[in-house]
Amino acid sequence: MAKKIKFNLQVNGASVSSLEGLQNNFNIEDILEHFKSGLLMRWLEVQGLETELKEISKLSEKSDNFALAQGILEIFDMDKELDKNALKITLNDINYKEYKENLLKTNEDLEKNAKSFLREYHDKFRDIIWDIIKNSENVEKIKSNLKIIENDYFDLFLLHFQTLVGVFKTNAPLALIFGLGTEKIRKMLLAYINIEEAGDHNKYCYIGDEEIDDETKEYLKSINLKSIDYLRYGYFEAISKVVYDKMIFDYGELGDVIKKFEGSTDGLWRDLVARNKRVLVLGISSLAKASQIPKDGETNEALGEEEINGQFIILNGLNFQSSNNNAYIVYVEL
């Protein structure tokens, strides 16, 4: 009988040789990939982990990723260790990654399949937008879809930006709120919200710190497109007030997603959100101050309504300070 050769399993960047090592470096994305390739079962077999192998073998590859993940988490006693909301976002990313891989496999010859590929690309973008609208109160869905848009569909998002702002404003306001917590979409929204008067309204208003280089401008001109990184002043003027007004609507409409703290802290700093969480501050009263939670050895940087209101700043954790019972702060955890 051939001797079984032991090997290590690569999980979360670590070389794992034991059940304890697997649990300490647990990464559901890597584990799912090893399960689907069969490598996980081979590793369990050569490691002599017969109980786990027997249970894993009962799982069906035909199940959706969420069902598989739930089963794997239970088998390795990890179901209580992972944040369920974070798991949903991770699994949504995995589903989309598999979708992209399958799409590329069916479109290897892009020249022959260009029309089909582009149609599929546009249809998928439309499906993502509809998914946001249909799940307008599902934070995990919205955040996952915004991440997909930034990574793979940002050009299309910019081309439809004016329309999408209007659609989200009416049907999925949380998409605008959490859009302010992203990198690229945030830049676009802030450009609209914090519009500045231009000397010549026919000139372009640039977004970002640097203008587009000449080579890029020539390329865009050659394919009959305006630069997606700047917009005409008229667009800014037409929509900025609409967007801004929506961002200061009654946050109570959005239930528990939008947090509001009211009251006095007797002039002392009170931790509202831990430092390891990003916080988008939506508004603060004139009677209060806010700060991100300082690192060891640092002090609080007190921010008031001038630095916060209308700026939609993002902080690492949240401290609050006031000596007035009518003081308040409105925020959302990203």
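E52 is found in helix α4 (residues 50-57). Helices here are DSSP runs of H or I with at least four residues, strands are runs of E with at least two, and both are numbered from the N terminus. This is a predicted model, in which local features need pLDDT of at least 70, side-chain atom pairs count only at pLDDT 80 or more, and totals for chains, interfaces and linings use all residues. Residues are numbered from 1 along each chain as its sequence is written, and side-chain values use heavy atoms, with hydrogens and water left out.

**The charge at E52**

Is E52 buried or exposed? E52 is buried, yet it has no salt bridge. Buried means under 20% relative accessible area, exposed means over 50%, and partly exposed lies in between (1.4 Å probe, protein chains only). A salt bridge is a side-chain nitrogen of Lys or Arg within 4 Å of a carboxyl oxygen of Asp or Glu. The nearest side chain of opposite charge to E52 is K54, 12 Å away. For charge, Lys and Arg count as positive and Asp and Glu as negative, while His and the chain ends are not counted.

What does E52 touch? Leaving out residues up to four places away in sequence, E52 touches L19, L44, I75 and F76. A contact means heavy atoms within 4.5 Å.

**The whole chain**

The protein chain has 15 helices and nine strands. It holds 334 residues, and 41% of them count as buried. Take the contacts between residues at least 6 apart in sequence: 69% of these join residues at least 24 apart. The accessible surface of the protein chain comes to about 19,700 Å². Carbon and sulfur atoms own 45% of that surface. These areas come from the Shrake-Rupley method with a 1.4 Å probe, and for residues only the protein chains shown count as cover.

**Salt bridges**

Side chains of opposite charge can pair when their charged atoms come close. How many salt bridges does the rule give? The count comes to five.

| K58 | E55 | 3.4 Å |

Start with the pair K58 and E55. K58 counts as exposed, at 56% relative accessibility. E55 is partly exposed, with a relative accessible area of 32%.

R126 is partly exposed at 42% relative accessibility. D123 is partly exposed too, at 28%.

K277 is partly exposed, with a relative accessible area of 43%. For E333, also partly exposed, the figure is 29%. Shared partners also matter to the count of bridges: salt bridges join D123, R126 and D127 into one network.

**Strands side by side**

Two strands pair if DSSP finds at least two bridges between them. Strand β6 (residues 270-284) and strand β8 (residues 314-322) run antiparallel, joined by six bridges. Here R278 stands opposite N316 in β8. Strand β7 (residues 288-291) also runs antiparallel to β8, with four bridges. A288 has S322 in β8 as its bridge partner.

Strand β9 has partners of its own. Four bridges join it to strand β5 (residues 259-262), and the two run antiparallel. There, K260 is bridged to V330 in β9. Five bridges join β6 to β9, again antiparallel. I284 has I329 in β9 as its bridge partner.

N319 is buried, with a relative accessible area of 3%. Leaving out residues up to four places away in sequence, N319 touches several residues, among them W269, R270, K289, A290 and N300.

Which residues of helix α10 (residues 161-171) are buried? They are F161, L164, V165 and F168. Seen down the axis of α10, the buried residues fall within an arc of 105 degrees, so they line one face of the helix. The arc is that of the directions from the helix axis to the C-beta atoms. The face turned away from this buried side carries the exposed residues T163 and T170.
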